[in-house]
Amino acid sequence: MKKEMSLFYMKNPMKFLPTLLIAILFSACETGTKAESQPQDEIAAIANPSEIDSVKRLIESSFEGIWSELDTSRIKTFHTEDFILLEAGMVWNNDSIANYLLDEQKRMLEGKYQRLNRFKYVKAVQSPGNIWVAYQNYGTWVQGSDTLGTAQWLESAIAVKENGQWKLQQLHSTPIQR
């Protein structure tokens, strides 16, 4: 059947031309529809630098309050109830973080050291309902003027708004070996 149709169009090229034009027209209409429905314009329209800056401050404040000050009461301030941290093959939630902080408080009091944090942001993307941020996290542990140790992680965070406030819903952290 296909061979017979091909021979028909080869013998009658003028009958093939309308079919070709209709196919091109449908293809052009379909392509135009797809281009119009792309969400890129919507994402660009909602990207708000001040909201992204708010999430960056949230990340920095959470590391200061939770991981430097070891304040378990700050977890609810910075994290959603269903918060999850994925780090080096381990899964943490708010409860496991609180337990870690209580143990670390004892070590910090005995060693009289503190943790300092520094961040270098790589990328931030705002989507409907959340902001995703990628960054490098640098931790330095000091005792007085002595540096006890340093660490670096490549991390990403997802923040969502709860009752008008940005909160961290997920962190993903990869330690960088030097």
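Author: Two strands are said to pair if DSSP finds at least two bridges between them. The strands themselves (E, at least two residues) and the helices (H or I, at least four residues) are DSSP runs, numbered from the N terminus. The model is predicted, so local features are described only at pLDDT of at least 70 and side-chain atom pairs only at pLDDT 80 or more, whereas totals for chains, interfaces and linings use all residues. Residues are numbered from 1 along each chain as its sequence is written, and side-chain values use heavy atoms, with hydrogens and water left out.

The chain has six helices and six strands, which follow one another in the pattern α-α-α-α-α-β-β-α-β-β-β-β. The six strands form an open sheet in the order S2-S1-S6-S5-S4-S3, and their pairing is mixed. Strand S2 (90-92) and strand S3 (114-127) each have a single partner strand and stand at the edges, so one side of each is left without a neighbour in the sheet. From one strand to the next, the twist averages 20 degrees; angles run from 0 to 180 degrees between N-to-C directions, and axes are lines fitted to C-alpha atoms, for helices over the stretch in contact.

S3 and S4 are antiparallel and share 13 bridges, and Tyr121 has Tyr135 in S4 as its bridge partner. Two residues lie between the strands in the hairpin of S3 and S4, where Gly129 takes a positive phi near 95 degrees. S4 in turn pairs with S5, again in the antiparallel sense, over 14 bridges; here Asn130 has Val160 in S5 as its bridge partner. The hairpin of S4 and S5 also has two residues between the strands, and Gly144 takes a positive phi near 65 degrees there. Strand S5 (residues 146-162) then pairs with strand S6 (residues 165-175) in the antiparallel sense, over ten bridges. Val160 has a bridge partner in S6 as well, namely Lys167.

H4 packs on it and touches strand S1 (79-87), S3, strand S4 (130-143), S5 and S6, its direction making about 150 degrees with that of S3. H6 packs on the sheet too, touching S1, S2, S3 and S4, with its direction at about 70 degrees to that of S1.

Two packed helices are described by the angle between their axes and the distance between the axes. For helix H4 (residues 49-68) and helix H6 (residues 94-111), the angle is about 65 degrees and the axes are 10 Å apart. On the H4 side the contact is made by Ile66, Trp67 and Ser68, and on the H6 side by Ile97, Tyr100, Leu101 and Met108. By class, six of these residues are nonpolar, one is polar and none is charged; Ala, Val, Leu, Ile, Met, Phe, Trp, Tyr, Cys and Pro count as nonpolar, Asp, Glu, Lys and Arg as charged, and the others, Gly among them, as polar.

Buried means under 20% relative accessible area, exposed over 50%, and partly exposed in between (1.4 Å probe, protein chains only). In the largest core, which has 27 residues, Ile59, Ile97, Tyr135, Leu168 and Leu171 touch the most other members. At least two residues come from each of H4, helix H5 (75-78), S1, H6, S4, S5 and S6, and H4 gives the most, seven residues. Leaving out residues up to four places away in sequence, Tyr135 touches, among others, Ile59, Phe63, Trp153 and Leu171.

Leu86, in strand S1, is partly exposed, with a relative accessible area of 26%. Beyond its neighbours within four places in sequence, Leu86 is in contact with Val91, Gln170, Leu171, His172 and Ser173. Ser173 belongs to strand S6 and is buried, at a relative accessible area of 3%.

Methods:
Contact means heavy atoms within 4.5 Å. A nonpolar core is a set of buried Ala, Val, Leu, Ile, Met, Phe, Trp, Tyr and Cys residues joined through side-chain atoms within 4.5 Å.
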